[in-house]
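Keep the structure open while reading.

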Amino acid sequence: MKETIGYLGPKGTFTKIAVDSMFNGEVKKGYSTIPECIDAVVNDEVTYAVLPLENAIEGTVNITLDYLIQAEDVKIVSEVIVPIRQHLMVHPDNVDKWTEMDAIYSHSHAIAQCHSFLRKELVKVSTHSMTSTGAAAEFVSQHPDQNIAAIANHLAAKEYGLSIVKKDIHDFDNNHTRFVVLHKNQTELTSNKLEEKGFKTTVTVTLPSDQPGALHQVLSAFAWRNLNLSKIESRPMKTGLGNYYFLIDIEQKIDEVLIPNAITEMESLGCKVSILGSYPYYLHSGNGVTLAV
C-alpha cells in the first residue's frame, strides 16, 4: 500500500513543489488548513505532512510552529528550501490582452511580494486576495471569458493550463520558504533527488520564571561547545502575558555528547527543553519556468 503525503493545498502551491521534490509515486492529499494537515499525521490519515515553516520576507509561519508544538508525537524529519518565484499568468485565450487585464488574483502575500512590478506596470489594475496562489490560478483557468490574471508559480501554470506572460515579477530575488516534512517517527527522511545542504536540530526551550540571566546561560550552553545556532526566536506560550518559549535551530545533527549535554545543562538551570527534530535540509533549484510567446 502506498504511503499518503498530506500538504497544504490545493495543487499548484509552493508547498506542492516541496512535496513533489521529496516524494515520487506516493498518494498526495491536499488540506485546506495547516491544523487539518498536522491532525492528519496525528490521526494516521497520512504518513507524512509537508508544511511551510518560515519565509525569508514574511518570517515564521506561526500557526505551523504553534500546532507542531502542541502535537507532541509529531516531529520534523526533513526540510526543503524552495525559492519563491512569482509569475504573472493568464488563460491561453487572453495572452494577447494581458496588458489590458481587468483584475489580478493571488494570495495576499504574493501580491505584496510583487508590489514594485504591479505599481510600475499595472498600477490601475485591481488586485483580489485568494486563499492561495494555487486557488487564484484555478479561478483564472475557470473563467476564460474574463480578462484576468493570477500571480502564482510555474507548477500552478502547468496544473491549470495557464500561460505565463511575465516571469519573476517578485520584488526580492533572495526570497525563500522553508518547508518541513512531519512524521510520527523521529527517523530522518533523506532525498535522492535533491542535494543535501546541511543538518539541523530544532529545539524549544522554556526558561525558568524570575531567574535573571537565564537566556544568557542558555546561549552559553551552546557557545562554549561551539554549537552554531542559525535561528533563535521567541514565541508566546499562550498562558499569559510575558510567558515565552524560545525556538532554536542548531546547525548540527544530534550526536551522543554535545547536544545532549547542552540540553542537560539547560535542564539543570530549570529550563524545559523539547526536541522538535534532527533532520537534513535541501535546497530546491526553483527551475521549471517557460514564458508564453
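**Salt bridges and a buried histidine**

The whole structure holds 13 salt bridges. The model is a predicted one.

**K28 and D20**
- The side chains of K28 and D20 form a salt bridge, at 2.8 Å from N to O.
- K28 is partly exposed, at 25% relative accessible area.
- D20 is also partly exposed, with a relative accessibility of 25%.

**D44 and K184**
- A salt bridge joins the side chains of D44 and K184, with an N to O distance of 3.4 Å.
- D44 sits in the loop between α2 and β3, and K184 in the loop between β11 and β12, so the pair ties together parts 140 residues apart in sequence.
- D44 is exposed, at 58% relative accessibility.
- K184 is partly exposed, at 35%.

**D168 and R85**
- D168 pairs with R85 in a salt bridge, and their closest N and O atoms are 2.8 Å apart.
- D168 lies in the loop between β10 and β11, R85 in the loop between β5 and β6, so this pair links parts 83 residues apart in sequence.
- D168 is partly exposed, with a relative accessible area of 31%.
- R85 is partly exposed too, at 21%.

**Network**
- Shared partners join the salt bridges of E54, E79, R178, K200, K231, E233 and D249 into one network.

**H284**
- H284 falls in the segment after β15 (272-283).
- H284 is buried, because its relative accessible area of 12% is under 20%.
- Beyond neighbours within four places in sequence, H284 contacts I17, S21, V80, I81, V82, P83 and L194.

Key:
Residues are numbered from 1 along each chain as its sequence is written. This is a predicted model: local features need pLDDT of at least 70, side-chain atom pairs count only at pLDDT 80 or more; totals for chains, interfaces and linings use all residues. Side-chain values use heavy atoms; hydrogens and water are left out. Helices (H or I, at least four residues) and strands (E, at least two) are DSSP runs, numbered from the N terminus. Buried means under 20% relative accessible area, exposed over 50%, partly exposed in between (1.4 Å probe, protein chains only). Contact means heavy atoms within 4.5 Å. A salt bridge is a side-chain nitrogen of Lys or Arg within 4 Å of a carboxyl oxygen of Asp or Glu.
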